Amino acid sequence: MDCKNSARNYDMEKNYKQFKLLNVATISGSRVSQFEGVKKYIATADIDFNKIVSGEDVSHLDKPSRADLMMTNDDVLFAKMKSTKKVLAGVADVEDLIFSTGFYILKPNDGISKKYLYFYLLSDEFNRQKDMYCSG
């Protein structure tokens with residue numbers, strides 16, 4: 001098999017559909033409401049690549065102003081920061097956590113796999129494009 005000819009005949013645009021991210025997912029609007037006791041707050045520094053490695057217990061009265069996002073089991077989260085890959089797919093226990101506004105939380109549209117969205121947000125291409133719009 002001649003690899004050069006095979007590569008030349010392969011037309012990526014005909015084999016893959018391009019899409020805008022907000023055509024397959026929506027940005028979650030879930031915000032923290034009043035709560036009793038304490039909840040764990042997850043800042044951007046508390047996620048290492050794709051797992052939560054730490055957090056801080058906060059009450060509603062002493063939580064930082066940036067501690068304002070809620071996530072569900074169906075969501076996917078990514079850090080807005082430039083030159084970083086921090087992505088988290090929702091699981092049942094994330095619903096009790098509070099996340100920093102340094103993240104975007106996306107809800108996949110009907111027919112879009114959370115797992116697919118998770119891997120897309122980890123891709124080099126997504127992160128290259130994200131970095132073009134980030135300043136810090």
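Here are legends for a handful of close-ups of one predicted protein model. Residue numbers start at 1 along each chain as its sequence is written, and side-chain values use heavy atoms, with hydrogens and water left out. Because this is a prediction, local features need pLDDT of at least 70 and side-chain atom pairs count only at pLDDT 80 or more, while totals for chains, interfaces and linings use all residues.

View 1. Along the sequence the order reads α-α-β-β-β-β-β-β-β-β-β-β-α-α. Of the 136 residues, 35% are buried, where buried means under 20% relative accessible area, exposed means over 50%, and partly exposed is in between (1.4 Å probe, protein chains only). Take the contacts (heavy atoms within 4.5 Å) with a separation of 6 or more: residues 24 or more positions apart account for 71% of them.

**View 2. Arginine 31 pairs with aspartate 68 in a salt bridge.** That term needs a side-chain nitrogen of Lys or Arg within 4 Å of a carboxyl oxygen of Asp or Glu. Here the closest N and O atoms are 3.7 Å apart. The pair links distant parts of the chain, 37 residues apart: arginine 31 sits in the loop between strands E1 (25-27) and E2 (38-42), aspartate 68 in strand E6 (residues 67-69). Arginine 31 is partly exposed, at 45% relative accessible area.

**View 3. Lysine 40 and aspartate 57 form another of the five salt bridges.** Their closest N and O atoms are 3.5 Å apart. Lysine 40 is in strand E2 and aspartate 57 in strand E5 (residues 56-59), so the bridge ties together parts 17 residues apart in sequence.

**View 4. Glutamate 125 meets arginine 128 within helix H4 (residues 124-133).** This salt bridge comes in at 2.7 Å, N to O. The two are three residues apart in the helix, which means a separation of about one helical turn. Both are partly exposed: glutamate 125 has a relative accessible area of 37%, and arginine 128 has 44%.

**View 5. Leu22, Ile27 and Tyr104 make a nonpolar surface patch.** Patch members have over 30% relative accessible area and no salt bridge, with nonpolar side chains (Val, Leu, Ile, Met, Phe, Trp, Tyr) joined within 5 Å and like charges within 9 Å. Tyrosine 104 lies in strand E10 (residues 103-108).

Definitions and conventions: Helices (H or I, at least four residues) and strands (E, at least two) are DSSP runs, numbered from the N terminus. Accessible areas come from the Shrake-Rupley method with a 1.4 Å probe; for residues, only the protein chains shown count as cover.
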